[in-house]
Amino acid sequence: FTKRLSVIVGAHDYGTIHTEAQLPYGNLTIDEEQCTLCLSCAEACSQRALSVHPEDNSLRFTPSACTVCGYCEVTCPEKNCLQVTGGLLMMYPEFFERRVVARDTLFRCIECGTPFAPAKAVKKIAAVMKPLFENNPSKTRALYCCPDCKAKVMLESLQAEEGILR
């Protein structure tokens, strides 16, 4: 249906049809500031309306592929970050195009410089964990490390503690 509709719409803008009946089409909005690119929404999307693009560290959405099932909204761990609106049939070219809905830079490990996770995710985890680790500088430092360096920092910390305890 959407392929046929895209041919009919072409480059024209016929607006949006709002219906009271539940159409299996709609739209999705993401608060990019709150999105940590955990990608749980994309993993939950069986229609691949949400897709991950590692080449530019983005999450993209194709409205015409969305069946407004709501799985993405339910699985999103960030409060009020992602919202699905059903009963919309958008009659303009962008409805059929994949668009960027969230993007972030990659955080670089403070030990080796390797990019390893979205910067917002690292900062959010660090904000939650820092108060718990305030008496342990090694654990605090490890929050900003890639998995390989995290293990190295923690092992060095344990070896130093063992040396002190002897």
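**View 1. V9 sits in helix α1 of this predicted model.** Helix α1 covers residues 2-9, and V9 belongs to it. Is V9 buried or exposed? V9 is buried, with a relative accessible area of 0%. Look around V9 and, beyond its neighbours within four places in sequence, you will find it in contact with Y14, M91, Y92, P93 and F96. One of these, M91, lies 82 residues away along the chain, yet the C-alpha atoms of V9 and M91 are separated by 6.3 Å.

**View 2. Three strands form an open, antiparallel sheet.** Follow the strands in the order β3-β4-β7. The edges belong to β3 (50-53) and β7 (99-103); each has a single partner strand, so one side of each has no neighbour in the sheet. On average, neighbouring strands here are turned by 30° against each other, direction ignored.

**View 3. Strands β3 and β4 pair in antiparallel fashion.** Here β4 spans residues 58-61, and four bridges join it to β3. For a handy landmark, find S51, which stands opposite R60 in β4.

**View 4. The cysteines form zero disulfides.** A disulfide is a covalent bond between the sulfur atoms of two cysteines. C81 is in no disulfide either, as the nearest cysteine sulfur, in C76, is 4.3 Å away. C66 is buried, with a relative accessible area of 9%, and C81 is buried too, with 3%.

How values were computed:
Residues numbered from 1 in each chain as written. Predicted model: local features only at pLDDT ≥ 70, side-chain atom pairs only at ≥ 80, totals over all residues. Heavy atoms only, no water. Disulfide = S-S within 2.5 Å. Buried < 20%, exposed > 50% of the residue type's maximum accessible area, 1.4 Å probe, protein only. Helix = DSSP H or I, 4+ residues; strand = E, 2+ residues; numbered from the N terminus. Contact = heavy atoms within 4.5 Å. Pairing = 2+ DSSP bridges. Axes fitted to C-alpha atoms, helices over the stretch in contact; angles between N-to-C directions.
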